[in-house]
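Hi,

Here is the model I promised to pass on.

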Amino acid sequence: MISTKALLEAALFATGEPLSDDRLYDLVNAEWGTEETPVPREEVRQALRELQAEYDARGVQLQLVASGYRFQTRPDIAGPLRRLWEKKPARYSRAVLETLALIAYRQPISRGEIEAIRGVTVASSILKQLQDREWVTIVGHREVPGRPALFGTTKVFLDYFNLRSLSDLPPLPEPTNLEQVDEVLQTLMPLAPAEAVAEGVPVVEVADGAIPAEAGIP
Amino acid sequence: MVLAPQQAEATEASAGVAKIRGEWVKECPVDLYIPPDALRIFLEAFEGPLDLLLYLIRKQNIDILDIPIAEITRQYLSYVELMREFQLELAAEYLLMAAILAEIKSRLLLPVPPAAEGEPEPADPRAELVRRLQEYERFQRVALDLDQLTRLERDTWCATAFVSQSTACLPALSPVALHEITHALKDVLARAALYEKHRVVQEPLSIRERMTAVLMRFQDLPVGVSVPFVTLFRVEEGRMGVVVTLIAILELSRQSVLSLQQDAAFGPLYVHKCAPVAENNAL
């Protein structure tokens, strides 16, 4: 008698691509569920959680990305793994990365808007490269003269960058402003001792609650 | 960016600060210690005027909100001039920015008339430029963050169990209904009819013999390789021969030696050998 976990594990390894919650559930339900008593969804979720925990210490991990669950190698062993392949991983130029960032954070965005922020013409080859990789697609057209195409990111992009959704993207930095930096530092300072305790750094006890200036610097 | 002149040599020939292409350079460039080839690459690496401006601002630790326009404009123009000297194809945007800087500079020189009653204070001429620089800088920084994300084919790879290609590529064949066989046979019979009148002697055909003949077609083929149903018939034999072949195929199919499949509704029929277990049954 095979277990739910074994079936999920085998399916994920055999397909080698992300499988959505629904597909995994259908697979389990088709095997053990009946019309009167379908497999509870929670059972599949629980099995996935257990699998995830079991693989925690292994060379591959169960990861949830935009398209679903997939097994992937641990990022921290990428270095040695790269020796297996002749080709070095592709590197992307700043132009490509900045254009991609603009599309990811400001989508739907037109080429003109990208150019306005970057201050230079966006080479067609860059947009083509992003579209060929299927990271970016034309999601529509702005109904103004010229009907400029609007670009947006795809699920392929999220899967490729190990993200579940756009909200997983690193936060867009606030505009640089030295005054703001000062303010941020001010607000962070009172928190510093608590963090230091959490990290096991001894902190000088201050009776009146005043914070020694060095406390924030471990 | 820092030129690595052979320091020992440099002291020997104290006349110059660096040796570039065998020639001693007498003076350091004011703010660039880069050999010409590297300088060219360095200049080419700028992603446009905003990038160049941000570089100049960062290099001097200037507060982006309080840019000394006159100084930055001077530096900016000297870089643009350098780019021209290296005959880099200078994007028009660089020249546009030079014009914008010059405009801001001249506005700053003009006395600001006191704001009239009820009118807002005139904006700092630098405001728009600062806004653009800040906005661009945010995306410059986040682009680096994006590059640091764990990504496929660099930091992680999809783990997959090997699935043999032959299995993966076999079309999903489904069992065949009888009417599909008759449908396929109709064509064969139609062609067989054309040969009938040329038949002189009708030799008795053994179904067993025909079964062997059909199987011979599959002898050298690996399990799972399909042969189109219609190619198993020799229409030259006429109706009788075709029927014998059909019965032979059906018999082999009943014995699980061969299997009939069709990969699409009304599509051609295919015949293939069954897996080895089934073959034992047939013997």
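Chain B has eleven helices and five strands, where helices (H or I, at least four residues) and strands (E, at least two) are DSSP runs, numbered from the N terminus. Of its 283 residues, 36% are buried, with buried meaning under 20% relative accessible area, exposed over 50% and partly exposed in between (1.4 Å probe, protein chains only).

Some housekeeping before the rest. This is a predicted model, in which local features need pLDDT of at least 70 and side-chain atom pairs count only at pLDDT 80 or more, while totals for chains, interfaces and linings use all residues. Residues are numbered from 1 along each chain as its sequence is written, chains are lettered from A and ligands numbered from 1 in the order in which they are written, and side-chain values use heavy atoms, with hydrogens and water left out.

Back to chain B. The accessible surface of chain B is about 17,400 Å², and 58% of that belongs to carbon and sulfur atoms; the areas come from the Shrake-Rupley method with a 1.4 Å probe, and for residues only the protein chains shown count as cover. If you take contacts in chain B between residues at least 6 apart in sequence, 61% join residues at least 24 apart. A contact here means heavy atoms within 4.5 Å.

Now the sheet in chain B. Three strands form an open sheet in the order β3-β5-β4, with antiparallel pairing; two strands pair if DSSP finds at least two bridges between them. β3 (226-228) and β4 (258-262) of chain B are at the edges with a single partner strand each, so one side of each has no neighbour in the sheet. From one strand to the next, the twist averages 35°. β4(B) pairs with β5 (residues 269-273) of chain B over five bridges, in the antiparallel sense, and B:Gln262 has B:Leu269 in β5(B) as its bridge partner. Helix α9 (residues 207-219) of chain B packs on this sheet and touches β3, β4 and β5 of chain B, its direction making about 80° with that of β5(B). For that angle, axes are lines fitted to C-alpha atoms, for helices over the stretch in contact, and angles run from 0 to 180 degrees between N-to-C directions.

- Helix α3 (residues 49-59) of chain B has nine of its eleven residues buried, so the rest of the structure largely encloses it. Among the buried ones are B:Pro49, B:Asp51, B:Tyr55 and B:Ile57. Just after α3(B), B:Asn61 has a positive phi of about 55°.
- Helix α10 (residues 238-254) of chain B has 17 residues, which at 1.5 Å a residue should span 24 Å, and its end C-alpha atoms are 24 Å apart, in agreement; the expected span is 1.5 Å times one less than the number of residues. Its buried residues include B:Gly238, B:Gly241, B:Val244 and B:Leu252. Just after α10(B), B:Ser256 has a positive phi of about 60°.
- Helix α6 (residues 127-148) of chain B holds B:Leu146, which counts as buried because its relative accessibility is 0%. What does B:Leu146 touch, leaving out residues up to four places away in sequence? The list is A:Leu97, A:Leu100, A:Ala101, A:Phe161, A:Leu169 and A:Pro170.

On to chain A, which has ten helices and five strands. Buried residues account for 36% of its 218 residues, and its accessible surface is about 13,100 Å², 55% of it belonging to carbon and sulfur atoms. Among contacts in chain A between residues at least 6 apart in sequence, 47% join residues at least 24 apart.

Strand β1 (residues 60-65) of chain A pairs with β2(A) in the antiparallel sense over six bridges, and a hairpin of two residues joins them. A:Leu62 sits opposite A:Phe71, and A:Val65 opposite A:Gly68. Strand β2 (residues 68-73) of chain A is mostly covered, with six of its six residues buried.

Finally, the confidence of chain A. Its average pLDDT (the predictor's confidence in each residue, from 0 to 100) is 82, and 80% of the residues score at least 70. Over residues 189-218 of chain A, pLDDT stays under 50, and the model has 13 contacts beyond four places in sequence for that stretch.

Cheers
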